[in-house]
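Trainee: I would like to go through the charged pairs and the nonpolar packing of this chain. Can we take them in turn?

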Amino acid sequence: MAKKTAVIDLGSNSVRMVIFERTSRYGFFICSEHKKKVRLGENAYNNNKILQEDAMLKAQKALLYFKEKAIKEKCRKIIVVGTSALRDAPNAKEFITRINKNVGLNIKCINGKTESFLGGLATLNLLSNIQNATTIDIGGGSTELCLIKDGKIIDCISLDLGTVRLKELYYDMKKFDALEQFIKETLLQIPKSFQNDNIIAIGGSLRALSNSIMKKNSYPLKMIHNFSYNFDKEKSYIEKIQNAKNLIDFNIKKDRFDTIKEGCIIFLNIAKNLRAKTIITSAVGVREGVFLSNIFHKHTKIKNETTDFSKFNANFPPNFNPSLKSLQDRFCVDYTDRSSYYANKIFEALLPIHKIDINYKKNLLNAAKLAHIGERINFYFANEHSAYMALNGLHFGFSHKEILLISTLLKANGKKINPLTIEHYKELLPNNHILIWFNFILSLARKLAKDTDENLNFELKNYTLYIYSSKKEIYFSKEEIKKISKPKLIILAFNQKN
């Protein structure tokens, strides 16, 4: 197993490298990310798609730099994929040979359907609870769409709509009527089956739009992955960005100034065509898809005529999350800790009075699994360390609401939650009833797990929770238990089993 893997995506606009570190078979996290804006497709689209010498030289230098970085970070494997600009270029083979000879890297040029599939594979596995959606991945040379239905990738297409392509062929030449006609004709290639309420936005241009919308709306989390918004509500704002003279007013980064308007026009047209309602932002795409296909041992060489994607689909095992597992692998002190086990039993025993939807329980159990990770930083204020690590480490597969709930519970650590400390995030947290009960259950489970590992039994009688032990006495600090903030009317009693 290659512990560290570098994946380099050689796009028409930028070259990016992501370094992944595996902590176990499927557990992993991102160590670092690097980007160079080399514009491999620059001046190619208006020169019969031929890669230009200046662009190739910039790409070569960037790839050499990335290789040196990967070696310094002790990567055992470096995977390089080339997308639109490379697959379109008549001199692509010469460039690939040149890089192999001068840099020592082998570039895999992938077709449009493979690129679309890899983006879909990443979002399906690393976003939160994706069942039915269509991905839109806008790049410099092309835009890829992937149809997801019932949690599986059904179809993939690639369109010749890219930000750099449109800039060079239409925007720079001020051929706006021709641009409108080109987009209109290209959209006819999208099957009606791709129409979807849920659209997953992939790529730098769409992340830039989501970031702008987040800041405009004062969204409480600085977390782009899994951020969603209503398309109809934000459509006019995106149109303003498309027609803006000063992009600084819209919190768009300067390195996006030259292509963001092309990104807007592509996105608006495709989203309207697909009848989009909700836009879900993805921070993952082709690079993560390449990495996942590698750890899933799936050889994703999809032909353009492929219609059956069933043999390429791959998922994590049921109830598995790579970010949660990675945090456990790196920071859990004791794998025999029974906090999660006790939390589950206490939740079930108290169900008749707390009446919390069973679907919330997984957040309680996940918080219990991470209850001790902060101790690896420092025993003192370990609960605050745990909360911070969960907030910033549960990147994949968790919604923003789930991440905040888990982090809030870890930080509370059985003490009464101060409403002022959560006011900023209130719209993303469940009601106080759930917070109070979960805080109590998690803290009680942690206290019990600290002093015993036996199979305790729990029974509710007349608002009293009886805890049964096979031992004559449960050796824990009853004074510590008393400190836990309890819901009203709950009484604790400790008995030996008959």
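Trainee: How many salt bridges does the structure hold?

Mentor: This is a predicted model. A pair counts when a side-chain nitrogen of Lys or Arg lies within 4 Å of a carboxyl oxygen of Asp or Glu. By that criterion the structure holds 20 salt bridges.

Trainee: How many residues apart are Lys35 and Asp255?

Mentor: Their side chains meet in a salt bridge at 3.2 Å, N to O. Lys35 is partly exposed at 30% relative accessible area, and Asp255 is partly exposed at 34%. Lys35 lies in strand β3 and Asp255 in the loop between α8 and α9, a separation of 220 residues.

Trainee: Which element supplies the largest share of the largest nonpolar core?

Mentor: That core has 53 residues, and Leu444 is one of those with the most contacts inside it. Elements that each supply at least two residues include α12, α15 and β13. The largest share, 11 residues, comes from α16.

Trainee: How many residues are in the other core, which includes Leu166 and Phe267?

Mentor: This core lies apart from the largest one. Ile199 and Ala201 are also among its members, and its size is 43 residues.

Definitions and conventions: Residues numbered from 1 in each chain as written. Predicted model: local features only at pLDDT ≥ 70, side-chain atom pairs only at ≥ 80, totals over all residues. Heavy atoms only, no water. Core = buried A, V, L, I, M, F, W, Y, C linked by side-chain atoms within 4.5 Å. Buried < 20%, exposed > 50% of the residue type's maximum accessible area, 1.4 Å probe, protein only. Helix = DSSP H or I, 4+ residues; strand = E, 2+ residues; numbered from the N terminus.
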